[in-house]
Amino acid sequence: ECTLCRRFKESLDRIELEEEIFFYSIHNEELYSQFPFIDKQQASQEIHLILDPQQKKVLTGSDAIAYLTLLNPLVKKFSWLVTSEMGKKATSVFYRSVNKYRETLRKQCPKCRVKPSI
């Protein structure tokens, strides 16, 4: 529901990826019954990419971003930049910066605030 997340999703919709990606809102309660291994609080803190639901294989944060980046055939030509130690550090720094910005936006947005569990 936040502006940054919505823009990120729309950007992924526009680029060519080698795999089909399905998006789930963290505000949709069915998500947590369909994927009970996803923690609602953690999902609100960082991106989650479910690779294999049966084996509960999930990438989070900058690891999910790096994986998504490598799904683009054009970027694959430069995959060594993303998978090198410096590339991993750069991706991690980028993700942390964007996630801090997202948290700032979320705190200001009444739709995006995490509601306390009852």
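The expected span of a helix is 1.5 Å times one less than its number of residues. In this predicted model, helix H7 (residues 85-108) has 24 residues, and the distance from its first C-alpha to its last is 35 Å, close to the expected 34 Å.

**Overall fold**

The secondary structure of the chain consists of seven helices and two strands, arranged along the sequence in the pattern α-α-α-β-β-α-α-α-α. The chain is as compact as a globular protein of its length, because its radius of gyration of 15 Å is close to the 13 Å that the globule rule gives for 118 residues. Along the principal axes, the C-alpha atoms fill a box of roughly 50 × 35 × 25 Å. Of the contacts between residues at least 6 apart in sequence, 45% join residues at least 24 apart.

The buried residues of H7 are Gly-87, Thr-91, Ser-92, Tyr-95, Asn-99, Arg-102, Glu-103 and Arg-106. An α-helix has 3.6 residues a turn, so residues three or four places apart point the same way.

**Surface and charge**

Across the chain, buried residues account for 27% of the 118 residues. The chain exposes about 8,700 Å², of which carbon and sulfur atoms supply 56%. Its side chains include 19 positive and 15 negative ones, and the centres of these two sets are 8 Å apart.

Technical notes
Residues are numbered from 1 along each chain as its sequence is written. This is a predicted model: local features need pLDDT of at least 70, side-chain atom pairs count only at pLDDT 80 or more; totals for chains, interfaces and linings use all residues. Side-chain values use heavy atoms; hydrogens and water are left out. Helices (H or I, at least four residues) and strands (E, at least two) are DSSP runs, numbered from the N terminus. Buried means under 20% relative accessible area, exposed over 50%, partly exposed in between (1.4 Å probe, protein chains only). The radius of gyration is taken over C-alpha atoms; the globule rule is 2.2 Å times the number of residues to the power 0.38. Contact means heavy atoms within 4.5 Å. Accessible areas come from the Shrake-Rupley method with a 1.4 Å probe; for residues, only the protein chains shown count as cover. Lys and Arg count as positive and Asp and Glu as negative; His and the chain ends are not counted. The place of a charge is taken as NZ of Lys, CZ of Arg, CG of Asp or CD of Glu.
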